[in-house]
Amino acid sequence: MPKNEPRPATAARAYETRALVLQGGGALGAYQAGVYEGLHEAGVELTDLAGISIGALNIALIAGNPPERRVERLHAFWNTICQPYVGPAANPLFEHSLFQINDLARQFLGAVHAGSALMVGQKGFFRPRFPPAALSAALDPACVGHYDTRPLKDTLEALCDFDRINDGGLHVSVGAVNVRTGNFAYFDNRRIRLRPEHFMASGALPPAFPAIEIDGEYYWDGGLVSNTPLSQILEQNLGRDTLVFQVDLWSARGPVPRSLSEVGDRIQDIRYSSRTRLVTDQMQAYRRMQRLLREVLDQVPASRRSADPACQKAAAMASDKRSNVIHLIYRDKPYEQHFRDYQFGLATMREHWASGLQDIRKTLAHPRYLAMPENAAGFITHDVHRDEIEQGMK
């Protein structure tokens, strides 16, 4: 980095809100942990955290620990849940050696881990329900799922300080779906005290996981409606200069499938991709309108602005604040298949983590990415992968 360029931590502090937004994606969520580690090592101090599903669990670990322990606790969580619920885990050295052979070996290892997740569950996360829910005609809603997620509550309580989550100064919100109404719900620590159940509800993906009961209502995974809380963060901060690191685990863009297995992969990508472009396009248009209103109002005499109700309403909507969305998207590896979101294995997890760390380091190496937007809309997005592709086409 040139000496005259501000360091990431310094550039980020120019924004009043500095948010980390994490998408759902199961085992791929280790990529998000790597991104957070890179932000931490760069000294970027966050003010807001929002997540869906596995993103919500990563948010709990970040918000529920002091800064100096967050990466350590993320490692503890991922090293735990990437082991089978029962039986010995594979020798890490052997697994790593097998993983390094070639893509065929990686596919085999991934299939083994995915099969293990289905058959015996994951330590500290979920276990097969016994007797199986399918054998019962009617059950308590909290039991209607192939797996029991009560081990996850124990893990969250062991690794997260929920008093810190609620009183630690970070704005935390996670999304879920009310099963009865079908409405999307945000659990926000500025409105309620968050408990393990709120984070578990955000990741309660049916039919694998049962709904989570909270205050008499039952909730499923927020990804059923929207797999990213980006719009929530941007809309909450219309009156503040905002920097958002959005970390997605599914790519909206991809090749047209040429086999049935590729069809399954592409369906997942399309179903769970965040529709970020739609959200950012809408927000860019809204920011442009806010700035235009501000410019128009500046031409109106102060006496008229204070007396005219229409001017007062326009003033409430007008703003010259700016938004910068830095987008990081996990890129599928050639050997990954449709079960990649429940392919829990130490070697795969560490590669996902390393990919996230590498991507955020590359992103922060571009000082202009963190610069305050100077365009007409006061809104800008960056994606290091997209920029690399565009550079390669020149």
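Let's start at Arg 277, which sits in helix α12, residues 276–298. Helices here are DSSP runs of H or I with at least four residues, strands are E runs of at least two, and both are numbered from the N terminus. Keep in mind that this is a predicted model, where local features need pLDDT of at least 70, side-chain atom pairs count only at pLDDT 80 or more, and totals for chains, interfaces and linings use all residues. Residues are numbered from 1 along each chain as its sequence is written, and side-chain values use heavy atoms, with hydrogens and water left out.

Arg 277 touches Arg 253 and Arg 386, leaving aside residues up to four places away in sequence; contact means heavy atoms within 4.5 Å. Between Arg 277 and Ala 252 there are 9.3 Å in space, C-alpha to C-alpha, and the two are 25 residues apart in sequence.

Now to the annotated site. An unreviewed UniProt entry lists Ser 53 and Asp 221 under "active site". UniProt positions are given in the numbering used here, feature names are shortened, and annotations may be inferred rather than shown by experiment. Although these two residues are spread over 169 residues of sequence, they cluster in space, with a largest C-alpha distance of 6.0 Å. Ser 53 is found in the loop between β2 (48–52) and α3 (54–63), while Asp 221 belongs to strand β8, residues 217–221.

The table compares exposure, where buried means under 20% relative accessible area, exposed over 50%, and partly exposed in between (1.4 Å probe, protein chains only).

| Residue | Relative accessible area | Class |
|---|---|---|
| Arg 277 | 45% | partly exposed |
| Ser 53 | 11% | buried |
| Asp 221 | 3% | buried |

What does the side chain of Asp 221 make with the side chain of Ser 53? The pair forms a polar contact at 2.7 Å, that is, N or O atoms within 3.5 Å; within protein, one must be able to donate a hydrogen and the other to accept it, and residues adjacent in sequence count only if both atoms are side-chain atoms. Not counting residues up to four places away in sequence, Ser 53 also touches Gly 24, Ser 202 and Gly 203. With that same exclusion, the contacts of Asp 221 include Ile 52, Ala 176, Val 177 and Leu 205.

Elsewhere, helix α2 (residues 30–41) packs against helix α4 (residues 70–81) at about 165 degrees, with their axes 10 Å apart. The residues making this contact include Tyr 36 and His 40 of α2, and Leu 74 and Trp 78 of α4. Axes are lines fitted to C-alpha atoms, for helices over the stretch in contact, and angles run from 0 to 180 degrees between N-to-C directions.
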